[in-house]
Amino acid sequence: MTEPGRSARAGVPERPTLDGIEDTWARRWQDDGTYAFDRSKARADVYSIDTPPPTVSGELHMGHVFSYTHTDTVARFQRMRGRTVFYPMGWDDNGLPTERRVQNVYGVRCDPTLPYDPQWQPPAAPVDDAARKNPTPISRRNFVELCGTLTVIDEQAFEALWRRLGLSVDWSLTYTTIGRAARVASQRAFLRNLARGEAYQAEAPTLWDVGFATAVAQAELEDRERPGAYHRLRFAGPGGREVLIDTTRPELLPACVALVCHPDDERYADLVGAVVRTPVFGVAVPVRAHPLADPAKGTGVAMVCTFGDLTDVTWWRELALDTRVVIGRDGRLLPEPPAGVPAGPYATLAGQTVAGARRAVVGLLADAGDLVGEPRPVVHPVKFYEKGDRPLEIVSTRQWYLRNGGRDAGLRAELLARGGELHWVPGHMRSRYEHWVGGLTGDWLVSRQRFFGVPVPVWYRLDDTGEPDLTHPLTPDESALPVDPSGEPPPGYDESLRGLPGGFVGDPDVLDTWATSSLTPQIVGGWETDPDLFGRVFPMDLRPQGQEIIRTWLFATVARAHLEHGVLPWRDAVLSGWILDPDRKKMAKSKGNVVTPMALLEQYGSDAVRYWAASGRPGMDLAFDPAQIRVGRRLATKLLNASRFALGLGAADALRAPATQPLDTAMLAELSGVVAAATSAFDAYDHTAALQATESFFWRFCDDYIELVKERAYGTGPGADSARAALATALSVQLRLFAPVLPFVTEEVWSWWRYGSVHRAPWPTTYEVDRAIGSAADAGLLRLASDALGQVRRAKSERKLSMKAEVPLAEALGPADLLDRLTLVADDVRAAGRIGRLDLLPGRTPELVIACAV
């Protein structure tokens, strides 16, 4: 494509560039309120998005750019379709990740026993390794304030990156999961759950992270392969019979409460109901039968301990076994043995770490002659908290739970039905939801023994001996929310009575961060605080999120909305795939293979990075590929230059004029099909198909149509008028088709010749394009002309001639009907190919052949 050799129209730059357009347009969009939500619109005119609030205790990476770009294309498309888009942004800033970040950055740790120091100042950050290894203890209030300070700094950095990426969120709708609105909504929902009997307290075996010293929910578990060893232990059975069992956790021997075999295992049928004695400790334990026992694993009989793993919990509960807890919350063996366990051999274990106790028990077994053979190394899956770095233990604690169908078949069926009502994109993701809900083994544990979170909003009366009445918690009125029971008295009490007999004590725990994040539609929608807004946005239209948190965020949000409102929280759920590294491995912070986006945004431009992100469909994994980002840069540059060329021909003045020439109407007819395809794809949340259809047409438009038509467009008369009209319509339509994916370059070009923002312009329709076609159109003519021109170009290339070289004579061979159609565009083909004479010779070949005499 060559320059037209005439001065540019006013508003079109002499040398268009992509450099700097992100800053220019991000400021303009903010100043003009381009993406502001119009809350005067009726619910039918609103498209509301429950945007994932990213965790701010770290860095955004290309996985975030990938998925959030997908959501932004939806928001931009819906806005151009005439909907007022409710598109907030949240920051997930409470919970363990923030606490850990504060500890690492400032070298501090929370000590709730310390008094608040209003004069305390944090050290300059970041601190050195010595400070991290020996953190300074500070009060809970000081620690929470420091968490709040750091999250504000992190949130500012995240917002700057999102603006650079071009997310079209309404920044006035920003919220945080520790902000006042979130605390009020979270506590209100909990109190209503409590009033309806959906929230309850229980003393029960609890998954426990020793490093964080907190309970963990089932949904937060992950298996990690770890080395271990099978130890074969000899139990003493009746009549001197030896009963051998294999275990990877010999340190739990003093916690043994039974042996279990499968009901159909004939090897041990005569032992079921009998009693055996544990080695070293000599404690009598029963032998029971249970279908979860695996005859093919180890010796076929298993040691049941309270508690080694979740299967132990199941056996303990279903077989009504005794309880002998030996591991405390600090991950060490308790100082005193459980009832019935002799103190003598246990004394060597008391206070030991799990690893130390394991070595000690193995030594005792060897000394007693009850360790059979040598330990056998094994690599096996071990349960971890997804954010922890030490294996989980199971300890008995009193915690708050929320009913989720894990122990209620009726509620489980209702929540499975909700999953069936939801529109899943892609559809197969629904099975993951159903698998999770169907496999729940208990209710949702929602209390956490942490500090930076939403406090559990209850207190307890203390009796005359100072013991709390845990069965009748004191609760605040909803009008008093948010409350912090650790620093505020309950209704009817004075702070001076805290901790005294006859007084009160506050619940020390906070709610699981998912217990707050599961209410994001309610938090940002103004539930109970702004009924007018809530009625316009809830239930929401879209929940975009990662597939790995279906079991946590998606399910929990469905459960909370079902319990509180009796509806789904949104109509559609769109799930993202994963970003893979060049070795096709999932990018993850824990693997150290993530790529941060800012340098790429600065090097290639935001539109180029967004183009790469839009190349991945919902639910499909995408490899990180800088080459694809470079393709996006080339596309954005071509859009600048092609637009400048078309506008330089005077296309701007021909907008809405009809196209009358066959080649022009053919191009527009094909473009009409592209509009239909892109619209259908966006309606189905397939931004990739929409981009592919638009981009494929765009390159043919640049490489073929513009080259074919430019000589005619330079001239005057009906032919030139038709060319300029077609160029104007095509440019206007293509800018809008590209706008959801390439917001910056399309806005830049739009500003050269149109008023307002392209992102507030109406989405193109087939009617709009068809209206610009002033006469009957043969949509295949553009491809026919492109084929003919391509053959001329190939002939020149094979002879190593310039594309500007003259062709004195060319012959077009092919079927008569094909050549009759070629006649309609022959003048444009001759001009573009620089052909002196073009002879049409019908009937010589079965398909079009252009023979050039050069």
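Reader: Where is A213 found?
Author: The model is a predicted one. In it, strand 7 spans residues 199-209, and strand 8 spans 214-215. A213 is found in the loop between strand 7 and strand 8.

Reader: Which value does phi of A213 take, and is the residue buried, partly exposed or exposed?
Author: Most residues other than glycine have a negative phi. Phi of A213 is positive, near 55°. Because its relative accessibility is 34%, A213 counts as partly exposed.

Reader: Where is K800 placed, and is it buried or exposed?
Author: K800 also has a positive phi, of about 55°, although it is not a glycine. Its place is in the loop between helix 24 and strand 27 (807-814). Exposed requires over 50% relative accessible area. K800 has 75% relative accessibility and therefore counts as exposed.

Reader: Which residue stands opposite D209 in strand 8?
Author: Strand 7 and strand 8 are joined by two bridges and pair in the antiparallel sense. They belong to an open sheet of four strands with antiparallel pairing, in the order 8-7-16-18. The edges of this sheet are strand 8 and strand 18 (444-445), each of which pairs on one side only. The residue opposite D209 is T214.

Reader: What is omega for the peptide bond from T306 to F307, and for the one from F538 to P539?
Author: Most peptide bonds are trans. F307 lies in the loop between strand 14 (301-305) and helix 7 (310-318), whereas P539 lies in the loop between helix 14 (531-537) and strand 23 (540-546). The bond from T306 to F307 is cis, with omega near 0°; the bond from F538 to P539 is cis as well, with omega near -5°.

Reader: At what angle do the axes of helix 24 and helix 25 cross, and how is their arrangement described?
Author: The axes of helix 24 (residues 781-798) and helix 25 (residues 816-823) come within 10 Å and cross at roughly 95°. Angles of 65 to 115 degrees count as roughly perpendicular. Helix 24 is therefore described, relative to helix 25, as roughly perpendicular.

Reader: How many nonpolar, polar and charged residues make up the contact of helix 24 with helix 25?
Author: Helix 24 contributes L781, L784 and A788, and helix 25 contributes L818, R821 and L822. By class, the contact has five nonpolar, no polar and one charged residues.

Reader: Which residues touch the most other members of the largest nonpolar core?
Author: This core has 92 residues, and helix 20 (residues 687-714) gives the most to it, with twelve. Apart from it lies another core, of 43 residues, including F235 and C256. Leaving out residues up to four places away in sequence, Y705 touches several residues, among them L663, M667, L727 and L782. The residues touching the most other members of the largest core are Y705 and W753.

Note on methods:
Residues numbered from 1 in each chain as written. Predicted model: local features only at pLDDT ≥ 70, side-chain atom pairs only at ≥ 80, totals over all residues. Heavy atoms only, no water. Axes fitted to C-alpha atoms, helices over the stretch in contact; angles between N-to-C directions. Parallel < 35°, antiparallel > 145°, perpendicular 65-115°, else oblique. Contact = heavy atoms within 4.5 Å. Nonpolar A, V, L, I, M, F, W, Y, C, P; charged D, E, K, R; others polar. Core = buried A, V, L, I, M, F, W, Y, C linked by side-chain atoms within 4.5 Å. Buried < 20%, exposed > 50% of the residue type's maximum accessible area, 1.4 Å probe, protein only. Pairing = 2+ DSSP bridges.
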